[in-house]
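Colleague: Hi! I'm new to this one, could you walk me through it?
Modeller: Happy to, here it comes.

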Amino acid sequence: MLIHRRQLLVGSMGGLAAFTIFPAFGAVPPLKKKDTYKVGFAQTESNNPWRLAQSASMKAEAAKRGCQIVYTDAASSAAKQVADVNSMIAQGVDFIFLPPREEKPLIPAVMAANKAGIPVLLIDRNVDPTLAKPGVDFLAFIGSNFVLEGQRVADWTIQKTGGKGKIIELEGSIGASPANDRKKGFDDTIKAKAPGMEIVASQSGDFARDKGRQLAETLLQAHPDATIIYGHNDEMSLGAIAAIEAAGKVPGKDILVVSIDGEKDAIQAIVDGKLGCSCECNPRFGPAAFDIMYKYAAGETIAPMIINPDNFYDASNAAAALPNAY
Ligand code: AHR
């Protein structure tokens with residue numbers, strides 16, 4: 001479905017020269033064409049390099065365009081992120097950029113902004129698509145294809161191991177779209193293509209390094225025959241590498257660790273032989289996200305789903321990728 005800002009224009013009554021702009025029922029509110037905007041960016045948390053790189057990119061782009069940015073940090077709480085969005089609505093921002101921490105709890109906040117006449121662009125994470133729709137309840141989604149990321153890591157792992165091994169899976173935050181989709185992409189691929197592989201345990205490490213380390217420690221004790229650890233992000237995978245070493249084993253030799261994100265520490269771990277691969281998930285959203293806002297204000301058509309292309313890192317290209325990594 002494509003939406004066009006001009007579809008939302010309603011002519012005013014009584015021969016007045018000006019047009020009054022009303023959002024049509026079930027439509028995204030329009031955005032007045034201006035040089036600069038007051039925008040909201042409701043970040044989920046700031047406890048890892050990926051989030052810091054995303055926030056830096058959004059703030060730098062706002063500054064470059066002369067936009068005022070209302071920045072909040074939900075400190076890993078979906079409830080706080082909902083309150084943050086509501087506060088942005090009260091402060092009268094023109095536009096909201098939102099990475100919803102979890103798929104369902106943020107839907108009321110998205111709906112509230114839409115109802116208040118503030119277009120919302122979902123960046124990086126999505127809401128439950130059965131409950132809220134791009135082009136209707138929010139402007140659009142821009143981000144990676146998380147299912148594909150999981151598939152690419154599974155394909156690489158199958159190829160590297162000859163389709164054999166026992167896998168421990170460290171899941172991301174419960175209810176977050178990247179956790180759901182990365183699990184689906186990886187698990188379905190292993191099931192379909194590698195009958196000699198088994199996922200022996202799969203639990204959430206909340207996308208955090210220390211939680212990933214603690215979880216890997218516990219699961220390695222419960223499954224001493226595990227040969228592979230798949231982390232839904234680099235932070236948890238780096239935590240797993242620490243847990244493997246603490247258990248007296250050698251990451252990359254006794255246990256293969258595979259991952260997603262492409263952050264600097266992970267790329268370095270590939271160079272060091274401790275991490276097998278990391279599928280990139282690009283956090284630098286600023287330029288593309290602001291482009292979408294300005295295009296929407298200019299009346300251009302905005303696609304409902306805009307997918308970022310991602311690189312893939314392993315020993316063949318990690319050293320070259322290090323200088324530009326975050
Ligand atoms: O939503 C993207 C994920 O969120 C990244 O993989 C992770 O590192 C971040 O916290």
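Colleague: How many helices and strands does the chain have?
Modeller: There are 10 helices and 14 strands in the chain. Those are DSSP runs, helices being H or I with at least four residues and strands E with at least two, numbered from the N terminus.

Colleague: And why call it as compact as a globular protein of that length?
Modeller: Because its radius of gyration is 22 Å, close to the 20 Å that the globule rule gives for 326 residues. The radius is taken over C-alpha atoms, and the rule is 2.2 Å times the number of residues to the power 0.38.

Colleague: Is this a predicted model, or what should I know about its source?
Modeller: This is a predicted model, where local features need pLDDT of at least 70 and side-chain atom pairs count only at 80 or more, while totals for chains, interfaces and linings use all residues. Residues are numbered from 1 along each chain as its sequence is written, and side-chain values use heavy atoms, leaving out hydrogens and water.

Colleague: What does the C-alpha trace span?
Modeller: About 80 × 35 × 35 Å along the principal axes of the chain.

Colleague: Which domains is the chain divided into?
Modeller: Domain 1 covers 2-143 + 283-309, and domain 2 covers 146-281; the bounds come from an automatic or database domain assignment. Their centres, taken over C-alpha atoms, are 33 Å apart. Where they touch, 12 residues of domain 1 and 16 residues of domain 2 take part in the contact, meaning heavy atoms within 4.5 Å.
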